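Here is a short briefing on aromatic rings, charges over rings, a surface patch and backbone angles. Have a look at the model first, and then let's walk through it together.

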Amino acid sequence: MALLEASYDNRNWFDLPTPLSENYEPTYTHLENSYRDANGNLHRDIQRRDLAKVTTGWGTLNASQMSLLQSLYDKDFFYLKFTDNYGNRVVKKVYAGPLTGKVKYVNKFTYELVQRTSVAMNFIEY
């Protein structure tokens with residue numbers, strides 16, 4: 001069992017790369033449409049409360065691990081199994097936020113991106 005597991009159908013699970021311990025942050029957030037009017041008054045319009053959000057980061061990933069995360073980003077939604085702040089193993093229907101990272105090594109002959117560093121991605125409840 002990995003810290004993060006994903007599934008497209010909530011039945012067949014596969015492991016995701018384990019993020020660095022200092023870059024794993026399960027939290028909850030609100031979906032809101034808040035604004036300030038012309039007088040500076042805050043109008044807080046919370047659309048949905050307690051959406052799960054998992055912020056992750058990896059030190060180094062190889063090309064296949066990076067392509068796995070990219071395939072999750074390309075999906076409208078998928079299921080994520082993770083450990084929350086209460087120590088519970090939870091399953092949430094999520095979508096993936098932008099995948100960022102820096103290229104460390106490139107194969108000089110094929111120009112294949114061999115290794116990525118400082119990779120980050122968020123998973124937000126659907």
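**Rings, charges and a surface patch**

The charged end of Lys93 sits over the ring of Phe77, 4.1 Å from the ring centre; for this, NZ of Lys or CZ of Arg must be within 6 Å of the ring centre and within 35 degrees of the ring normal. The model is predicted, so local features need pLDDT of at least 70 and side-chain atom pairs count only at pLDDT 80 or more, while totals for chains, interfaces and linings use all residues. Residues are numbered from 1 along each chain as its sequence is written, and side-chain values use heavy atoms, with hydrogens and water left out.

**Charge over a ring**

- Lys81 has its charged end over the ring of Trp13, at 4.4 Å from the centre of that ring.

**Aromatic pairs**

- Searching the whole structure gives four aromatic pairs, where rings of Phe, Tyr and Trp (its six-membered ring) pair if their centres lie within 6.5 Å, and planes under 30 degrees apart count as stacked, over 60 as edge-to-face and the rest as tilted.
- One of them joins Tyr8 and Phe14, a tilted pair because the planes are at 50 degrees, with ring centres 5.4 Å apart.
- Tyr8 is partly exposed at 39% relative accessibility, and Phe14 is partly exposed at 22% (buried means under 20% relative accessible area, exposed over 50%, partly exposed in between, with a 1.4 Å probe and protein chains only).
- Phe77 and Tyr126 also form a tilted pair, with centres 5.2 Å apart and planes at 45 degrees.
- This pair links distant parts of the chain, 49 residues apart: Phe77 is in the loop between helix 1 (63–74) and strand 7 (78–83), and Tyr126 is in the segment after strand 10 (113–125).
- Helices (H or I, at least four residues) and strands (E, at least two) are DSSP runs, numbered from the N terminus.
- Phe77 is partly exposed, with 30% relative accessible area, and Tyr126 is partly exposed, with 45%.
- Ring pairs bring Phe77, Tyr79 and Tyr126 into a cluster.

**Positive phi**

- Most residues other than glycine have a negative phi.
- Asn10, which is not a glycine, has a positive phi of about 65 degrees.
- Asn10 is in the loop between strand 1 (5–7) and strand 2 (13–15), and is partly exposed at 36% relative accessibility.
- Tyr111 has a positive phi near 60 degrees.
- Tyr111 lies in the loop between strand 9 (100–106) and strand 10, and counts as exposed at 63% relative accessibility.
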